[in-house]
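Subject: Structure for handover

Hello,

Here is the structure that was to be passed on to you. The findings follow below it.

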Amino acid sequence: MLGIDSRGAAVGRGNLRNNIAYTGTLTSNMAGTSSAYNSWDLGVTLSDSQFQSVSTTGWDAPRRADGSLPTLPHLRLAATSTLIDKGVDVGLPYTGRAPDLGAFEQPGDTPPGQRHEAETAPAVCQGTIDTNWAGFSGSGFCNGDNATGAHAQFTANASTAGTATLGIRFANGAGGARAANLVVNGSTVAAVSFESTGAWSTWVTKTVTVPLTAGSNTIRVDPTTTAGLPNIDYLDVNA
Ligand code: GCU
Ligand code: CA
């Protein structure tokens, strides 16, 4: 990595950690640079299948409303990628044993566009949006009516058809589990039991795998008993 010294001359500089170099010339101008825990240092085998996508489709999409770049699967690590947890702690947040190589942590760093708060339209809550139990994200949570079918519903976009891992964050301060069906685009795809979390302010995330179609999907958490749903905070879609 080249920098400029005080006399204006090019000079090797910098610390490189947790990076990926893939295809083409992997490194150049490395004299004077501290390099460790990068894909080229670790000798890991790189292939397209390490990534969710290596396609540049969508790079020219508009920025998001807050000015950030569009959320794309490009160069995000696949769930089975051997680049996960291969990095070294450099003081930035990470999940798992160690940081992943590359720009995106996996799993656990859900792209912002894929977290769906239960209180935010187009989400539907057949009950009330409450704030009385601490620890929720966003501006509230869905307290479904205690009735069969009093559901929370989310609308999520998937870039391609396929299996998605959903994370449903909930709290259940009642003694027993609460049962629900997961209904995707009108079809029941799974039965979910939301066990007691011990307190209404104790939130946990339940993971379920469901099929999604390309484009818009409705994902409904539909209680199957008169106890209704647990309180529902949000739905994460790691599609
Ligand atoms: C309590 C609690 C609610 C919860 C409800 C329930 O009233 O305060 O947040 O939704 O129990 O049993 O569903
Ligand atoms: Ca309730």
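How far is an oxygen atom of ligand 1 from an N or O atom in the side chain of Asn 143? The distance is 2.8 Å. Please keep in mind that this is a predicted model.

One of its oxygen atoms lies 2.7 Å from a polar side-chain atom of Asn 231, and a polar side-chain atom of Trp 133 is 2.9 Å from an oxygen atom of the ligand. On its own, ligand 1 has 320 Å² of accessible area, and the protein covers 72% of that.

The residues around ligand 1 are Asn 132, Trp 133, Asn 143, Asn 146, Arg 178, Trp 200 and Asn 231.

Ligand 2 is a calcium ion, coordinated by OD1 of Asn 143 and by O of Gly 144, at 2.2 to 2.6 Å. How do these two residues stand in terms of exposure, buried or partly exposed? Asn 143 has a relative accessible area of 24%, so it counts as partly exposed, since buried means under 20%. Gly 144, at 2% relative accessibility, is therefore buried.

Next, the aromatic rings. The count of aromatic pairs comes to four. Phe 136, Phe 141 and Trp 203 make up one aromatic cluster.

Two arginines sit over rings as well. Arg 76 lies over the face of Phe 104, 4.0 Å from the ring centre. For Arg 115, the charged end is placed over the ring of Tyr 234, at 4.0 Å from the centre of that ring.

Regards

Methods. Residues are numbered from 1 along each chain as its sequence is written. Chains are lettered from A and ligands numbered from 1 in the order in which they are written. This is a predicted model: local features need pLDDT of at least 70, side-chain atom pairs count only at pLDDT 80 or more; totals for chains, interfaces and linings use all residues. Side-chain values use heavy atoms; hydrogens and water are left out. A residue is near a molecule or strand if one of its heavy atoms lies within 4 Å of it. A polar contact is a pair of N or O atoms within 3.5 Å; within protein, one must be able to donate a hydrogen and the other to accept it, and residues adjacent in sequence count only if both atoms are side-chain atoms. Accessible areas come from the Shrake-Rupley method with a 1.4 Å probe; for residues, only the protein chains shown count as cover. Donors are N, O and S atoms within 2.8 Å of the metal (3.2 Å for Na, K and Ca); water is not among the atoms, so sites may look incomplete. Buried means under 20% relative accessible area, exposed over 50%, partly exposed in between (1.4 Å probe, protein chains only). Rings of Phe, Tyr and Trp (its six-membered ring) pair if their centres lie within 6.5 Å; planes under 30 degrees apart count as stacked, over 60 as edge-to-face and the rest as tilted. A charge sits over a ring if NZ of Lys or CZ of Arg is within 6 Å of the ring centre and within 35 degrees of the ring normal.
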